[in-house]
Amino acid sequence: MQRTVAVVGGGISGLTACYQLARSPNAPKIILLEGSGRLGGWLHSTRTEDGAVFEHGPRGIRPAGSVGKNTLLMVSELGLDADVLPVPGDHPASKNRYLYVSGALHRLPSSIGGVLRTVPPFTRPLLWSGLHELAAPRGTQLDETIHSFVSRRFGKELADIAIDSLCRGVFAGDCRALSVRSCFPALFEAERRRRSVILGMALGGGKGPALDSALSRRARDERWSQWSLRGGMETLPEALQDFLRRHGVEMHCHARLQRLERTAAECWQITLEDGSVRADHVISAIPARALAVLLPSWAEPLAQELRGIEAVSVGVVNLQYNGATLPITGFGHLVPSFEDRSLLGIVYDSVAFPEQNGTGGPSVRLTVSTPPCSHQGGVPVAEEPGVNVHRSSRGPWQPEPWSQGAKVMLGGAWFEEGFGDPEMVPEARLLSCAKEAVRAHLGLAAEPSCTIVKACIPQYTLGHWQRTETISRYLEREGLPLSLIGASYQGVSVNDCIYNAKMAVTRLLDQAQ
């Protein structure tokens, strides 16, 4: 008799799990249940009539490492090679990244020369941080905050400025609370293996799984820093949906779950608002706390651990300034918490992916992320003239003035401190904060068009690894046919979510043999 696997949650993790199940020999019956009205989760793109693309979530994906290669392999399998928009290593969005400190933008070093000399906002050459790291003793703690780890190995200034900003940009979180073991496992393991992070990363940790593809070889040869898709990142979940339809996967939107129970026949009974579904195995791709609410009372030990996995809210404001020009070119800039706790950073979307600017004339697309709303300082002095660049299919990089854009990120771990309840914050307030940030930091004062979305990002705080191990031991001890995937557990990036979903399905299929 054919087994039934129910996948709960239709974001990129859930879709990937369905994809891997559907591709397997002797595939089970697959039912995908999504509570909202669309599939794809945070991979959500707004496409305007003139062809401009605004991302509600991730705007690009890194190709590096086994997880990056794995994603590119799936992209190739889905036939999306021609849709890939790469950002090569010589692109300004790869080389130019900024910090906003003391009311001015500072370009981070991207060459040996920049490491050897003092570059603001740092007070001494970053070379000294590297030498300090090479001489530092191996740590003895089973876990450590990111700030503590970096301070101990590289020095407090690097932790206070660069790492504080990095964690706000990647996790929307506070590096003084986040776990280095869970957020940056490669750095933690490098120190454990080689005593030094620099030596450990340089010498590597052995070969990963063979996941090579023509796309990943191209990414290596051209030194891609990131890539997107021509129609936006939502193109990926759309391609997965097309594949699943062709392979007979049942996909249900507006399927709001009420309860999970085990029946006398050792099956899962999944209660919905308007019916129920039975399944031999459940793959949960919803946030940990959402799953905790659904579990039966006898699974309270599991629910308690799931409730301990926190998440923070981020306000993401996409802005388009028609006819404007950025004062600099690059990936974007981050803001350390001591400079402005509310504003996480601004991403210059139109620099990295000018193909998504649309045909409506010169414009600037920005993404702004922030928590509270208090900006200080005036318009910063630009470090270099601003011109946009694009990839020409006929030759090398060519300058193209005026066609640009950005995204503002607000809140994160500081959201409630600055805005209050995320569910009650008026969009007008987020927009006002975003526009003021762009005016103060980049000198753009025109009235932009915009899209606004609130996102949630899990927080791997100190001891997260113990919580996930406790969860795994509970599932194994109780023999529960339940797999947990998604950003709540083993990585928040798109690459991590795709890779971990694939691994979960591999383990499930191995057990079934």
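Biologist: Taking strands as DSSP runs of E with at least two residues, numbered from the N terminus, which residue takes a positive phi in the hairpin of strand 10 and strand 11?
Modeller: Bearing in mind that this is a predicted model, the residue is glutamate 266, with a phi near 65°, in a hairpin that has five residues between its strands.

Biologist: Changing topic, what is the strand order in the open sheet of five strands?
Modeller: The order is 9-2-1-13-22, and the pairing is parallel. Strand 9 (250-252) and strand 22 (482-484) are at the edges with a single partner strand each, so one side of each has no neighbour in the sheet. From one strand to the next, the twist averages 15°.

Biologist: Which strand pairs with strand 22, then, and over how many bridges?
Modeller: Strand 13, residues 281-284, runs parallel to strand 22 and is joined to it by three bridges, and in this pair isoleucine 283 stands opposite serine 483 of strand 22.

Biologist: Which strands of that sheet does helix 1 touch?
Modeller: Helix 1, residues 12-23, packs on the sheet and touches strand 1 (4-8), strand 2 (29-33) and strand 13, while its direction makes about 170° with that of strand 2.

Biologist: One more thing, at what angle do the axes of helix 5 and helix 6 cross?
Modeller: The axes of helix 5, residues 127-135, and helix 6, residues 146-154, cross at roughly 95° and come within 7 Å. Since angles of 65 to 115 degrees count as roughly perpendicular, that is how helix 5 stands to helix 6.

Biologist: Which residues make the contact?
Modeller: Helix 5 contributes Ser129, His132 and Glu133, and helix 6 contributes Ser151, Arg152, Arg153 and Phe154. Sorted by class, the contact has one nonpolar, three polar and three charged residues.

Methods:
Residues numbered from 1 in each chain as written. Predicted model: local features only at pLDDT ≥ 70, side-chain atom pairs only at ≥ 80, totals over all residues. Heavy atoms only, no water. Pairing = 2+ DSSP bridges. Helix = DSSP H or I, 4+ residues; strand = E, 2+ residues; numbered from the N terminus. Axes fitted to C-alpha atoms, helices over the stretch in contact; angles between N-to-C directions. Contact = heavy atoms within 4.5 Å. Parallel < 35°, antiparallel > 145°, perpendicular 65-115°, else oblique. Nonpolar A, V, L, I, M, F, W, Y, C, P; charged D, E, K, R; others polar.
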